[in-house]
Each structure stands twice: as C-alpha cells, then as structure tokens.
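User: Hey, I've just opened this one and I'm new to it. Can you walk me through it?
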Amino acid sequence: MNGNSVKQQLAAANPLFWHNPALMPCSPAADAELEAAAARLERCAPLLAELFPELASDGGLIESPLLELPTLQRLLGISGRLLLKADHALPIAGSVKARGGFHEVLCHAEQLALSAGLLHDTDDDYRRLASDEARRLFAGHSLVVASTGNLGLSIGMIGATLGFRTRVHMSNDAKEWKKQRLRDRGVEVIEHDSDYSAAVAAGRAAAIEDPKGYFVDDENSPRLFFGYAVAALRLQRQLASAGIRVDSDHPLLVYIPCGVGGAPGGICYGLRRLFGDAVHCYFAEPVAAPSVLLGLLDPSVPSVYDIGLDCCTEADGLAVGRASEWVCETIRSDVDGVFTVSDESLFRDLFQLYRSENLAVEPSAAAGIQGPARLMHELSAKQGPAHLHDRMEQATHIVWSTGGRLVPDNEFEKFLKRGKTASKEIN
Ligand SMILES: Cc1ncc(COP(=O)(O)O)c(C=O)c1O
C-alpha cells in the first residue's frame, strides 16, 4: 500500500495494519540518555518511598508485573507465548504515564534543589526533597501540563505531593472522575471545550506568562520520553528472570496503545537499544485518531482532521489529533508498524481480558490486545517481516496494558456492559 492509499483507508476509518517501510536495522547499543533517566529514577526511589508509603515495599520503584495470559492466549489461538506488561496496575498514577511524568517532574525538582543549594550533588540524599524547606522552595514554582487525563494524573500526583502549584489543562475528552481525583489532591484543573492539541497550546501559552512556571510539553519532551523508555530496562530484567530468551530466533513482539506518541515511542526506543532487531514494536491507535501513523507517513505531521476524521473515541488517552513531530522523527526507523482499532473492538477486548484473566483495564489500555492475532493474520497474508513467519512458535508477544488501576468501579461496570454487547456483535 502506498502512502496515498493508506491515507484513504485511514480517512474511511477502516481498521488497518500498516508496516513501516522506513524501519531500519538496529543493533543493541548503550544509550546515555536512557541510562541517565534510569539512574535518576533510582536515586529518587528513597524520596518516592518517603512521599508515597505504598511504594515503600518496592523501595520507591514504580513498576508493574509481567503476567502470563494463558486463558486469553487459548481463546485467541496465539502461537508462542502471550504476556501482559501490566502498567494498568502501576501504583500512584495508575498508568504508563507514571514513569515519564514522574521523571520529568523529578528532573525539574532536582535542578531547582541543586541551584538553591538544597542538594549538593547527585550523590546527595534525595529525601531532602521531601523536607519543609524543599516544599517552601517548590511552592514558589508552578507546574503546568495539558492532558487527556492520565498524564495530568501523573504530573498532578507527583507535582502536588512535592508542593508545586500544579495546573492541568484538560481537553474535552477528559473523564470527569480523572478531573475530580486531581482536584481532591489540590491540583487546579482548567477545562477546555476543545481537543488535546488546543489544550496543549493553551497550557503552553499560560506557562509562558508565569516566570516561575514550568510547562511539561507532551508534544515535545525528551524528559518524558526517556522516562517512559526506562520501562524497557525494567522489562529486560523481568524477561531475564522469567528465563525468556530474546534473539533473532526468539523474537519479542510488543503491542502498545498510542496517543501523541511519547509513551509508546519511548518504550520502543528503549527496547530497540536493548534488543536491536530481535524486538518488533507495533503501536495501536483508534480508527478516529491515527495521529502517529499519519505523522510517520508524512514528515509534515498532518492532523487527523486534515483527512476528515473527527478524533472522537472512547479511548480518551488516545484521543490525539496531531502526533508529536519530535517523537515521530525520533522513532521513524525503529517502529515496525501501527494498527488501528475500532472503539467497539476495544470494549470487546477489555471484556475478554476481564472475563478470561480477571484483569481490569480502561478502554485506551485495551488497544494492544488484538495486536498478536492481527499480526499473525498479516504474516499469513505474507505482509510484514518475512522471517517472523516461521518463528512464531518461539515468539514472545507482549501486550502493554497502559492504564486502569484508578478507574472507579461504577465506570468499569459500564465498560463491561458495553464490552459484553460488543463481543456478541463482533467476533
Ligand atoms: C492509558 C493510556 N495509554 C496510552 C497512552 C498513550 O501515550 P502517548 O500519548 O504518550 O502516546 C495514554 C496517553 O495518555 C494513556 O492514557
């Protein structure tokens, strides 16, 4: 399929599976920025354990388990091994946004504390950032972010807990319960009757007005990106301790829900630095908001409105009209492909995951679930990397579930109801 026919398919909101023609070979290599982000999260772990007592048992590391999905695997007929990277269960922020969001705020707090002499150097005791003196320092500074919900929850939780004045600009897709949760934490929520890109622009403009304001720019943030990328190092450890081999004969296939591109982009970047060509990353986007697919197709990064889509989806975390140009550029040669999913299939998959494995995720986080079956279908139609075809029995599939822990029970009941209906209507 050439670029124009892909755009036509996208414009018709037909689910499609796109294989990236710009994918380049890649060998594992050390990456200074990835390692710096991992080191920062590690030296801040005692601070996080002090700020959030529920992290104490894990020494302040925010991490999620890697789970087997035996029942779902049988149900879907997936060859190889099917696993779930359970970021829906990440503590405190309840989504994949935790690592990136916490990393960016900790970078900023660290810089302020070093300049104020509150920390002497990066070997100092970071628990000083939880002191009254640090809170007084941070209270003089504001943090501003725009969010469809989950990035706001991440920045809001760490920002307000450290004592920053924290403001979250929210797009019209943001769910009420996410706004309320932030307000309960003392975060100021500014509601916009516009989409995500407009909320980002409003947040950016407001932050510029404030000389002590710091804007977390989801469309253009290496600090978020490398924080997300740390997940790759953690996953590498989990795979090794589960005795799972990853090499050219034992490929690792990863399926990650995608909005503006930062979280899946960072994870993909990290995995490719660690595993090179043995890993294949696929992003999952709603049919109404395939922003990163468009951005990878066309370096001018058009918005989904430019091809006649409306960006309306129940997958609030993925409701992004225009991708991050910086992320698209950074991962253009690393991502294997993108597939798009209808809203009804998201609810069906959410329901199936709950019924088969008793795991509760939010609609955005269910976008990767159909990845393994969709890829197997592509390979049997001779699409995608040819060498994968006869290695599927030895493959490890990882579906990345990116959010859900904080969803209130009554909201989840509604998802299940819709998923039950969808699973009867579509197979
Ligand atoms: C649950 C969930 N999954 C995936 C994503 C996608 O992350 P990104 O927008 O960085 O691509 C988001 C974004 O908010 C999200 O909330």
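User: At what angle do helix α10 and helix α11 pack?
Analyst: Bear in mind that this is a predicted model. In it, α10 (residues 222-241) and α11 (residues 262-275) pack at about 45°, and their axes are 7 Å apart.
User: What do you call that kind of arrangement of α10 and α11?
Analyst: Angles from 65 to 115 degrees would count as roughly perpendicular and those under 35 as roughly parallel, so α10 and α11 are oblique to each other.
User: Is the crossing of α10 and α11 left-handed or right-handed?
Analyst: Right-handed.
User: And which residues meet there, between α10 and α11?
Analyst: From α10 the list includes Phe 225, Phe 226, Tyr 228 and Leu 239. Among those on the α11 side are Gly 262, Gly 266, Ile 267 and Phe 275. The residues of this α10 and α11 contact divide into 15 nonpolar, five polar and no charged.
User: OK, what about α5 and α7, how do their axes cross?
Analyst: The axes of α5 (residues 97-115) and α7 (residues 150-162) cross at roughly 35° and come within 8 Å. That crossing is right-handed.
User: How many charged residues are in the contact of α5 with α7?
Analyst: One, alongside nine nonpolar and four polar. Residues that meet there include Lys 97, Phe 102 and Leu 106 in α5, and Asn 150, Ile 155 and Leu 162 in α7.
User: Switching to strands. What order do the seven strands of the open sheet come in?
Analyst: The order is β1-β10-β9-β8-β11-β3-β2, with mixed pairing. At the edges sit β1 (17-19) and β2 (66-68), each pairing on one side only. On average, neighbouring strands are turned by 25° against each other, ignoring direction.
User: How do β2 and β3 pair, in which sense?
Analyst: Antiparallel, over three bridges, with β3 covering residues 81-85. For instance, Leu 67 has Leu 84 in β3 as its bridge partner.
User: Which strands does helix α15 lie across?
Analyst: α15 (residues 371-380) lies across β1, β3, β8, β9, β10 and β11, and runs at about 65° to β1.
User: Last topic: how many aromatic pairs are in the whole structure?
Analyst: A search finds 13. One of them is Phe 17 with Tyr 282, an edge-to-face pair at 5.4 Å centre to centre with 65° between the planes.
User: Where in the chain are Phe 17 and Tyr 282?
Analyst: Phe 17 is in strand β1 and Tyr 282 is in strand β9, 265 residues apart, so to speak a link between distant parts of the chain.

Technical notes. Residues numbered from 1 in each chain as written. Predicted model: local features only at pLDDT ≥ 70, side-chain atom pairs only at ≥ 80, totals over all residues. Heavy atoms only, no water. Pairing = 2+ DSSP bridges. Helix = DSSP H or I, 4+ residues; strand = E, 2+ residues; numbered from the N terminus. Axes fitted to C-alpha atoms, helices over the stretch in contact; angles between N-to-C directions. Contact = heavy atoms within 4.5 Å. Parallel < 35°, antiparallel > 145°, perpendicular 65-115°, else oblique. Left-handed = near helix turned anticlockwise from the far one by under 90°. Nonpolar A, V, L, I, M, F, W, Y, C, P; charged D, E, K, R; others polar. Phe/Tyr/Trp six-rings, centres within 6.5 Å; stacked < 30°, edge-to-face > 60°.
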